[in-house]
Amino acid sequence: MNAKRIVVTGGAGFIGSAVVRMLAEETHASVLVVDKLTYAANPAAWRSAERSNRYGFLKADIGDLGAMRDMLAHFKPDAILNLAAESHVDRSIDGPDDFIQTNVVGTYQLLQAALDYWRRLQGGANDDFRFVHVSTDEVFGSLGPEGRFNETTAYDPSSPYSASKAASDHLVHAWHRTYGLPALVTNCSNNYGPWQFPEKLIPLTIINGLEGAKLPVYGQGLNVRDWLHVEDHARGLLKALALGRPGECYCFGGSAERRNIDVVESICKLLDEFTPKNYAHRELISFVPDRPGHDLRYAIDSAKATKYLQWRAQESIESGLRKTVAWYLDNREWWQPIRNEVYRGQRLGQLAAV
């Protein structure tokens with residue numbers, strides 16, 4: 001790991017920037033971030049990495065085959081971590097085209113470029129190269145009240161987002177099985193933590209609560225998610241890069257199943273503690289019509305990652321939420337311009353918008 005040259009596609013995003021920071025701070029790897037800088041990019045999240053002489057940045061789209069071939073030829077990486085993706089389910093309902101173009105077509109073009117590059121490597125470099133594709137538990141569809149997803153769970157995506165990620169996963173497996181590309185896939189549960197674009201449940205709830213705005217909860221808030229702190233996930237991805245076997249899948253979960261309403265109420269209690277008002281923040285909760293195709297429950301069995309990658313989540317949902325709420329309180333200068341100029345917290349993902 002310390003001697004590697006690593007391309008991180010989507011390295012300006014929420015999870016990608018956490019991986020880049022970890023590579024910069026905890027390894028001696030040289031890192032090239034490749035990102036096309038969409039609305040959810042986090043330039044401020046790279047600052048610690050930018051101070052390193054082992055860091056580089058290329059603004060490019062993974063769907064641009066020529067740009068990807070040129071990038072690989074010049075940087076000569078030992079590994080690619082593919083985190084480039086459109087990721088918000090509600091946005092995929094409103095506009096699925098971007099999700100198909102980036103998540104499916106983009107992954108295909110990146111695989112083609114990686115395959116051409118890998119075939120030209122000689123000796124040990126050819127054997128040691130890795131392509132790690134980062135995916136989601138949403139590809140597995142919805143669980144009932146019992147059981148957990150694992151690496152053998154059949155795919156059953158419900159949304160345009162999860163369908164596009166399922167397609168990209170299948171492409172990666174096919175490029176390994178057909179062409180021999182040393183690739184592997186990881187699937188994770190819902191991430192949260194610092195620098196998350198404030199359209200997702202946890203940062204949206206925190207920021208709305210700080211502003212005294214309504215806290216929207218879909219349906220009755222009974223949908224269950226397994227919550228994984230982003231730094232735990234980043235640590236798992238570096239483990240997969242170092243120890244994962246080509247052709248395999250590895251699932252990362254936080255062992256922290258919670259109903260959405262319970263997560264929102266936990267945030268409200270933390271806001272009551274950190275920023276007391278003359279009302280309880282839970283009074284701001286507003287139940288709104290559910291989104292189409294909303295899966296009831298996700299949960300991940302991470303036993304394989306624990307056994308073969310020596311990985312397990314270190315943050316509990318309680319410790320992780322406390323740190324996350326505190327971070328948003330301390331970093332208003334980052335999210336306030338986003339709130340004012342990019343995304344004001346409006347509802348997305350309603351069928352009338354299609």
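Which residues does Leu65 touch, not counting residues up to four places away in sequence?

## Leu65 and its contacts

Leu65 touches Gln109, Gln112 and Ala113 when residues up to four places away in sequence are not counted; contact here means heavy atoms within 4.5 Å. Leu65 itself belongs to helix α3, residues 65-75. Helices (H or I, at least four residues) and strands (E, at least two) are DSSP runs, numbered from the N terminus.

With a relative accessibility of 21%, Leu65 counts as partly exposed. The categories are buried for under 20% relative accessible area, exposed for over 50%, and partly exposed in between, with a 1.4 Å probe and protein chains only. The C-alpha atoms of Leu65 and Leu111 are 9.4 Å apart, and these residues are separated by 46 residues along the chain.

## Basis of the description

This is a predicted model, in which local features need pLDDT of at least 70 and side-chain atom pairs count only at pLDDT 80 or more, while totals for chains, interfaces and linings use all residues. Residues are numbered from 1 along each chain as its sequence is written, and side-chain values use heavy atoms, with hydrogens and water left out.

## The chain as a whole

The chain contains 13 helices and 12 strands. Its radius of gyration is 20 Å, close to the 20 Å from the globule rule for 354 residues, so the chain is as compact as a globular protein of that length. The radius is taken over C-alpha atoms, and the rule is 2.2 Å times the number of residues to the power 0.38. Along the principal axes, the C-alpha atoms fill a box of roughly 65 × 45 × 40 Å.

Of the 354 residues in the chain, 56% are buried. The accessible surface is about 14800 Å², and 49% of this belongs to carbon and sulfur atoms; the areas come from the Shrake-Rupley method with a 1.4 Å probe, and for residues only the protein chains shown count as cover. Among contacts between residues at least 6 apart in sequence, 82% join residues at least 24 apart.

## The seven-stranded sheet

Seven strands form an open sheet in the order β3-β2-β1-β4-β5-β6-β10, with parallel pairing. Two strands pair if DSSP finds at least two bridges between them. The edge strands, β3 (55-59) and β10 (249-252), each pair on one side only. Neighbouring strands of the sheet are turned by 20 degrees against each other on average, direction ignored. Helix α1 (residues 14-26) packs on the sheet and touches β1 (5-9), β2 (30-35), β3 and β4, and its direction makes about 160 degrees with that of β1. Axes are lines fitted to C-alpha atoms, for helices over the stretch in contact, and angles run from 0 to 180 degrees between N-to-C directions.

Five bridges join β1 and β2 in the parallel sense, and Thr9 stands opposite Val34 in β2. Strand β4 (residues 79-82) pairs with β5 (residues 130-136) over four parallel bridges. In β5, Arg130 is the bridge partner of Ala79, and Phe131 is that of Ile80. On to β6 (residues 183-188), β5 is joined by six bridges, again in parallel, with Ala183 as the partner of Phe131.

## Buried strands

In a regular strand the side chains alternate between the two faces of the sheet. In β2, Ser30, Leu32 and Val34 point one way and Val31, Val33 and Asp35 the other, and all are buried.

Seven of the seven residues of β5 are buried, so this strand is largely enclosed by the rest of the structure. On one side lie Arg130, Val132, Val134 and Thr136, and on the other Phe131, His133 and Ser135.

## Aromatic pairs

The whole structure holds 16 aromatic pairs. Rings of Phe, Tyr and Trp (its six-membered ring) pair if their centres lie within 6.5 Å; planes under 30 degrees apart count as stacked, over 60 as edge-to-face and the rest as tilted. Phe197 and Tyr343 form a tilted pair, 6.1 Å centre to centre with 40 degrees between the planes. Phe197 lies in the loop between β7 (190-192) and α8 (201-211) and Tyr343 in the segment after α13 (332-341), so the pair ties together parts 146 residues apart in sequence.

Phe252 and Trp311 form an edge-to-face pair, 4.9 Å centre to centre with 75 degrees between the planes. Both Phe252 and Trp311 are buried.
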